[in-house]
Amino acid sequence: MHQHDIRNIVILTGAGISAESGLATFRRPDGLWEGHRVEDVATPEAFRRDPELVQAFYDARRARLKEVAPNAAHQALARLDAEWPGELLIVTQNVDDLHERAGARRMLHMHGELKSAWCLGCGDRMHWEERLGDRPPCPSCGVAGKLRPDIVWFGEMPYDMDRINAALMRADLFVSIGTSGAVYPAAGFVQTARYAGASTLEINLEPSQGSFFFQSSRFGKAGELVPAWVDEILAGIVPS
């Protein structure tokens, strides 16, 4: 594909892009996330069983955001967002706010956000910076103890799938950055994009589980590879 044929770009980012900012990647080889089994903190059943543990876990993750900053990869994607004349959609699996703090605007969080709360009483979602473990009242309906993290847990449907699929079907280029290729439906995006005729590129520390689906791959640190790739794209150089 020639550079002038690339107009619409979809980018998927995962934990690997935030790891260089100091945020723990979602699941380590031993299956633990920040010292907890995923089944104990990231499922609807866990929240019903032990809401205090789950709230404390996400309160700590939310507080941690104040100690980290966007890295060169986040900043490069924000620059691409600002300068790319065609369609662009950055889809992140991450629940941190580092893309936004770098300046990205054309993006969505398919797995929810740490800085969002969801009221199980009235259904409203709202920006949230403080603790939820103290069972604060909902700003919308006033009922206390009904707010949960606005996070897509295992067994729940990711957000904005219709919009994501529509973008993938229009994409000329799909790029996956820092993802394991293990969590569906995101792991299937590369196949959707290829079905639609898009070129596909993986940028990752090491080959992901779905690496063989990509037409080209670059391995190394996102903070080095992503700025270099963005420079190429904006300079009109065909990615390979």
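## Helix α4 and the second largest pocket

A helix is a DSSP run of H or I that spans at least four residues, and helices are numbered from the N terminus. The structure described here is a predicted model. In this model, helix α4, residues 51-64, gives the most to the lining of the second largest pocket, contributing three residues.

The volume of this second largest pocket is about 180 Å³. Its lining is formed by Phe47, Pro51, Glu52, Gln55, Leu120, Leu132, Gly133, Arg135, Pro136, Gly145, Lys146 and Leu147. Sorted by class, the lining comprises six nonpolar, three polar and three charged residues.

## Threonine 13 in strand β1

Strand β1 covers residues 9-13 and contains threonine 13. Threonine 13 counts as buried because its relative accessibility is 0%, and buried means under 20%.

Between the side chains of threonine 13 and histidine 99 there is a polar contact at 2.9 Å. When neighbours within four places in sequence are left aside, the residues in contact with threonine 13 are Leu77, Ile90, Val91, Thr92, Gln93, Asn94, His99, Ile177 and Thr179.

## The buried side of helix α7

Helix α7 runs over residues 161-170, and Met161, Ile164, Ala167 and Leu168 are buried in it. These residues lie on the same side of α7, because they cover an arc of only 130° around the axis. In general, an α-helix has 3.6 residues a turn, so residues three or four places apart point the same way.

The buried residues of α7 are covered by elements that include strand β1, together with β4 (88-92), β5 (107-109), β9 (173-177) and α8 (189-195).

Methods:
Residues numbered from 1 in each chain as written. Predicted model: local features only at pLDDT ≥ 70, side-chain atom pairs only at ≥ 80, totals over all residues. Heavy atoms only, no water. 1 Å grid on protein atoms, 1.4 Å probe; cavity = no way out; pocket = protein on both sides within 12 Å on 5 of 7 lines; lining within 4 Å. Points joined across faces, edges and corners; volume = space filled by probe spheres on them. Helix = DSSP H or I, 4+ residues; strand = E, 2+ residues; numbered from the N terminus. Nonpolar A, V, L, I, M, F, W, Y, C, P; charged D, E, K, R; others polar. Buried < 20%, exposed > 50% of the residue type's maximum accessible area, 1.4 Å probe, protein only. Polar contact = N/O pair within 3.5 Å; in protein donor to acceptor, adjacent residues only side chain to side chain. Contact = heavy atoms within 4.5 Å. Arc of directions from axis to C-beta.
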